[in-house]
Amino acid sequence: MIKWSRCPSKQLLYFWLLRDIPKFSRWKPVGLDVGCGKDLGNYPLFRSWRYIGIDLDIKLLDAIKPERRNNFYGSDDIFIIRNLLTTPFERGDFVLCVQVLTNKHFDTQNTVQTVDRLIDMTHMRGTLIFNTSKFTMQHEPVFEPMLYDSFERVTVRRYGAWSEQRTNFAPLLAGIMWAIPWLRHRGHHQKTYYICERKCKP
Ligand SMILES: C[S@@+](CC[C@H](N)C(=O)[O-])C[C@H]1O[C@@H](n2cnc3c(N)ncnc32)[C@H](O)[C@@H]1O
């Protein structure tokens, strides 16, 4: 299932998710989709045995189609209301939090606390994937060392070129950026995509 965008950098993110969600959620018991949104757009890519979608917006629950609210495989919690910052949370073997810290409504003061929560939510041997925006960039020097302390391997992809443009050639531009890393940011990144793999540290 491919998601399309006319924004080249968002399309690049979608291509990465198309590869990385199945890859890192496969064979994992619990997958968490934090800030899953009303269309549960990332749900079809999950390969974990169980999927838990979490979002704080209670109004979204009504917007989700009834057939999606049902448990597809009998063991999924498709959508539960949680504010990841304030309420008790589940732990996942695969934790995804994309387009949440990049959202214009996200309070950037909460960036470091949010990343800290996401780290806590990731089980031993689990993987955390999230992305950040130019609004949270100032906090990168604070939270990136936390990632390196907590995970055995951290993959950092800076991107964000052509974020303002809308074009039908977005998939082509995203493909070129996939192949040539420097073109993703052209020296001034606006977004960062993190893959954090925890092997044995709790
Ligand atoms: C732009 S949507 C992203 C949806 C989905 N992750 C995607 O990739 O399409 C951002 C979602 O994050 C949710 N969100 C923002 N802050 C949150 C928090 N502290 N706890 C839980 N959900 C949150 C919002 O309610 C919104 O549905």
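Two strands count as paired when DSSP finds at least two bridges between them, and the strands themselves are DSSP runs of E of at least two residues, helices being runs of H or I of at least four, numbered from the N terminus. Strand S1 (residues 30-34) and strand S2 (residues 50-55) run parallel, joined by five bridges.

A quick word on the model. It is predicted, so local features need pLDDT of at least 70 and side-chain atom pairs count only at pLDDT 80 or more, while totals for chains, interfaces and linings use all residues. Residues are numbered from 1 along each chain as its sequence is written.

Back to S1: three bridges join it to S4, again in parallel. Leu-32 has Ile-52 as its bridge partner in S2, and Val-95 as its partner in S4.

How covered is S4? Strand S4 (residues 92-97) has six of its six residues buried, where buried means 20 or more other C-beta atoms within 10 Å of a residue's own, with C-beta atoms placed from the backbone. Five bridges link S4 in parallel to S5, residues 122-132, and Gly-92 stands opposite Thr-122 there.

Now the whole sheet: seven strands, open, mixed pairing, in the order S3-S2-S1-S4-S5-S7-S6. S3 (77-81) and S6 (153-159) each have a single partner strand, so one side of each lacks a neighbour in the sheet.

Finally, S4, helix H4 (residues 111-121) and S5 form a right-handed β-α-β unit; right-handed means that, with the strands pointing away from the viewer, the path from the first strand over the helix to the second runs clockwise. Thanks, folks!

Definitions and conventions:
Buried ≥ 20, exposed ≤ 12 C-beta atoms within 10 Å, placed from the backbone.
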